[in-house]
Structures are given as structure tokens and as C-alpha cells.
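Thanks for coming. I will take a few minutes on one model, starting with a pair of helices and then turning to the cores.

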Amino acid sequence: MLSFTGNPLDRACDRRADPAWLAAQAQAGLFLPFSEGRPLVAQDRALFLPWRTEWEGLPRIFLGLDGTQPLFAVAVAGEPDLGGTFTEMRPAAFVLPARDCAIAGQAKAMLDWNRRHGFCPNCGTATEGRDGGYRRWCPQCGAEHFPRTDPVVIMLPLFEGKCLIGRNARFPGGLYSAFAGFVEPGESMEEAVRREPRSPVAQLDLAEALTRAGQPARALDVLNRAVKSNPEDALLWYQLGLSLSNADRPDEAFPALQKAVSLDPLLAEAWSLQGTSLASHGQMENAETAFRAALRAEPDHAESLGNLAHLLSAAGDLPQAEYYFARAIRMKPDDAEVRVNYAVTLAGLNRPEEALQQAEAAVKADPKSPDAHNFLGTLLARGNQPDAALREFLAATSLRPDFGLAHLNAAAILASKGDTAAARTHLEQAARDADEKIRQRALRQLR
Ligand SMILES: [Zn+2]
């Protein structure tokens with residue numbers, strides 16, 4: 001059964017407008033106390049208590065008749081000890097029987113509505129409760145106010161035998177749900193169902209699902225259409241930029257990302273991606289500006305910290321690079337790539353021991369990273385530990401067989417140990433590297 005349905009009470013709406021009748025019901029009534037929107041629960045039941053004089057003057061609601069027993073809700077002050085626990089409605093919904101859940105839900109909605117509608121929206125005068133809490137009346141302008149309900153549609157879009165589900169950023173990992181949306185004024189439920197899957201959130205989910213299903217071209221179609229109908233949605237533009245840059249179309253990605261940050265300058269992800277794209281096109285100064293903008297939007301944005309540090313390191317500003325690397329590592333201790341780059345910077349700053357520590361931490365963070373093994377080997381070789389270094393170079397080449405630099409490094413150590421045959425094998429591997437410089441170095445040594 002659905003939560004909050006199956007309410008067994010007779011709301012006596014034909015009699016509750018009579019103040020004398022209502023007062024008589026209160027004399028014989030049982031009251032469900034609420035504290036700050038939480039019902040009183042004991043032994044997994046809603047706890048109804050007889051009237052207490054200290055509740056005089058507190059907001060109360062007539063819930064209805066359970067057979068002949070009148071039931072009310074009362075909003076108590078503070079959290080008095082009444083022999084139960086005031087429990088939030090959502091967790092309570094998991095333990096309460098359906099009828100208690102429905103009654104408590106009714107009570108909470110009515111107490112909340114009365115609390116929020118103490119003043120007339122028409123003229124601002126304090127309103128008075130009527131009909132046991134089901135109506136509020138304005139003594140100044142005579143307007144009557146009734147509790148509103150907000151109709152919602154919940155839908156499961158189906159396509160070729162599959163259904164589309166989505167997740168909210170606040171959901172715990174692995175939790176997905178159907179789509180839901182409010183019915184808007186002047187709209188039927190059917191119309192709301194047709195409109196909602198076109199909302200920005202649904203479009204983002206659809207694009208993500210298509211990308212994960214290995215259909216990036218269809219994801220791009222969805223996003224291109226979505227930004228046309230929601231041109232003010234920064235997240236859609238960002239997602240479009242991300243998909244375009246994943247599709248290796250940086251020239252189109254860039255304007256989309258620019259649109260995203262112009263709509264929402266605090267979208268660190270979009271700045272960061274823009275920076276990465278600029279850096280890969282050799283526009284280092286613009287890339288730096290973008291990474292710094294990402295960090296203004298989100299000072300602990302790990303990716304931007306690491307990328308800015310790497311950029312500064314490549315530009316020779318090692319002290320500043322070190323500052324950003326240290327912050328990046330604090331945010332993301334398991335990022336092997338950042339740790340390797342940090343180690344390179346520390347080595348450049350003539351701090352070999354710290355560099356070695358970082359390189360070791362990089363290998364530990366990702367034992368499958370060829371770069372981490374190779375740079376750790378380089379540092380070990382410099383520290384006169386050829387055997388340990390060789391182990392790392394060999395680990396790097398077995399993880400990435402076409403890693404020319406690691407082959408060169410391994411060959412140098414093998415040659416110094418007099419194992420020329422093994423050294424030659426590695427040089428031959430290095431001579432097949434895609435990098436021209438590596439290839440030339442290998443070929444020179446083979447001659
Ligand atoms: Zn009024």
C-alpha cells in the first residue's frame with residue numbers, strides 16, 4: 001500500500017464547523033502531540049494521549065472520528081517527556097502501521113498549513129482558525145483560506161522495452177527513481193506527464209544513460225535539443241561541453257562551456273573542463289585563468305588544484321606549483337597522477353626524499369599506474385638503488401608494453417649490470433615508441 005493512504009477517520013466535515021460540537025469532542029478527545037513537525041511515537045505506534053491543561057492555547061487540529069472516538073493533533077512547545085519519542089515523519093513512515101501513518105500525515109500537513117498561514121495573503125491581517133483547523137478566516141477583509149494540496153505526477157518513460165530512471169545529486173549511491181514533477185496551473189495530469197521528461201533534469205539523466213550505454217552520438221542529440229529549449233540552464237550547457245570534448249570536438253565544446261560559465265560563474269566543473277581543453281591546445285595562460293576561476297568558484301576543487309599545479313610546474317614556477325599540489329593531495333589523496341606530478345616538482349626543487357615519498361605514495365594509490373612506477377624507478381636510480389629501480393621500470397613496461405621511456409630506463413640499468421642482451425631487447429622496444437625523441441635515443445644506443 002502507498003504511504004499516507006488508507007486513512008480510516010470520519011472527518012465529520014458536516015459537523016466540525018459547529019464550535020459547540022467541536023468543544024464537546026475535545027472534552028472526550030485523544031490527542032497526538034507533535035513537536036516541531038514530528039509526531040509522538042511509542043512502540044511503533046502513533047501515541048494518542050488524553051487532554052492536558054498545559055496544552056491550553058496551543059495550535060490543535062480536529063482529525064476526525066475513529067468510530068465514536070474523536071482524535072486531535074496538538075503542536076506542543078519544546079520536547080516534553082510524554083512517554084514516547086518525537087520522530088521525523090519520513091523515518092516514522094517506515095515503522096508505523098498504514099493507518100497511523102495516514103493519520104499522522106494528515107495531522108502534520110494540517111499543523112504545518114495552519115502554522116504557515118497565520119496572516120491573510122490578501123491584506124496581511126492575522127487570520128483565525130475555523131472548522132477544527134480546516135479553514136482560516138480573515139477578520140479584516142473577510143477572505144477565507146483553505147489548505148492547498150499540490151498535485152504531482154510520477155511517471156516511468158518507456159522506450160523499446162526499456163525504462164528511463166534518474167537520480168538526484170543528493171541520493172545515496174546506487175539509488176534511482178522514477179521521474180516526478182508538479183502539475184502546473186492550467187495543465188492536465190496527462191499534459192504534465194508529457195512535459196516533465198523534457199525538463200532539464202530528465203534530459204541530463206537521459207543523456208547520461210545514453211552515454212553509459214555507449215551511444216554518445218544520441219546523447220549529444222539529446223543535449224543539443226535540450227539547450228535549445230532550455231537556453232538558460234548552465235548545467236545542460238556544461239554537459240553538452242563535456243560530451244563534445246569527450247567526442248574529441250573541442251572547437252564546439254569550448255563555446256558550450258563558455259556559455260555555461262557565463263550563465264553560472266560558480267560552475268567550477270565547467271571552468272575546470274575549459275582549462276583542460278585550453279591546456280591541451282597549448283593555450284597555457286588562458287588555461288591558468290580558467291583553473292583559477294574554477295578555484296574562485298570552489299576553492300577545494302581537487303581537479304583544478306591538480307591541473308593548475310601541473311601547469312605552474314611545467315611553466316617552471318615550482319614553489320607555487322608545490323603549494324597547489326599539496327592542496328590537491330589533501331582533497332584527493334588517492335590520485336596517483338597528481339602524486340607523480342607532485343613528485344616531479346619536488347625533485348625539481350631538490351627535495352629528493354619528499355619526492356621519493358610522493359612517488360611511493362603514487363604507486364600505493366594506484367599500483368597499475370605505469371607513470372608512477374617509472375618515476376619511482378627514476379628516483380630510486382638517482383638514489384643509487386639500481387635493483388629496486390629496475391623492478392619499478394619493469395613493472396611500468398609490463399603494465400604498458402609500449403612505454404618507451406621506461407624501456408630506455410630499464411635498458412640503462414641492465415647495461416650497467418653487464419646484461420647487454422636484455423638491455424638490447426628493451427632498446428628495441430623503445431625504438432618503436434610513438435615519440436620521435438625516445439625513438440632517436442633508443443636507435444643511437446642500439447648502434
Ligand atoms: Zn484579509
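Just after α11, Gly 316 has a positive phi of about 90 degrees. Keep in mind that this is a predicted model.

Let me start with α11 itself. At 1.5 Å a residue, its 13 residues should span 18 Å, and the end C-alpha atoms are 18 Å apart, so the two agree. Of those 13 residues, 11 are buried, so α11 is largely enclosed by the rest of the structure. Among the buried ones are Glu 303, Asn 307 and His 310, along with Leu 305, Leu 308, Leu 311 and Leu 312. What do the buried residues of α11 pack against? The partners are α9 (268–280), α10 (284–297), α12 and α13.

Next, α12, residues 318–331. Its 14 residues should span 20 Å at 1.5 Å a residue, and the end C-alpha atoms are 20 Å apart, which agrees. Buried here are Leu 318, Ala 321, Glu 322, Tyr 324, Phe 325, Ala 328 and Ile 329. Residues three or four places apart in an α-helix point the same way, because there are 3.6 residues a turn. The buried residues of α12 pack against α11 (302–314) and α13 (336–348).

Now the cores. The largest nonpolar core has 79 residues, and Leu 223, Ala 343 and Ala 359 have the most contacts inside it. Its largest share, eight residues, comes from α13. Domain 2 (154–177 + 196–299) and domain 3 (367–447) each supply at least three residues to this core. Leaving aside residues up to four places away in sequence, Ala 343 touches Ala 355, Gln 358, Ala 359, Ala 362 and Phe 375. A second, separate core has 25 residues, including Phe 31, Ala 46, Ile 61 and Ala 102.

Note on methods
Residues are numbered from 1 along each chain as its sequence is written. This is a predicted model: local features need pLDDT of at least 70, side-chain atom pairs count only at pLDDT 80 or more; totals for chains, interfaces and linings use all residues. Helices (H or I, at least four residues) and strands (E, at least two) are DSSP runs, numbered from the N terminus. The expected span of a helix is 1.5 Å times one less than its number of residues. A residue is buried if 20 or more other C-beta atoms lie within 10 Å of its own, exposed if 12 or fewer, and partly exposed in between; C-beta atoms are placed from the backbone. Two residues are in contact if their C-beta atoms, placed from the backbone, lie within 7 Å. A nonpolar core is a set of buried Ala, Val, Leu, Ile, Met, Phe, Trp, Tyr and Cys residues joined through C-beta atoms within 7 Å. Domain bounds come from an automatic or database domain assignment.
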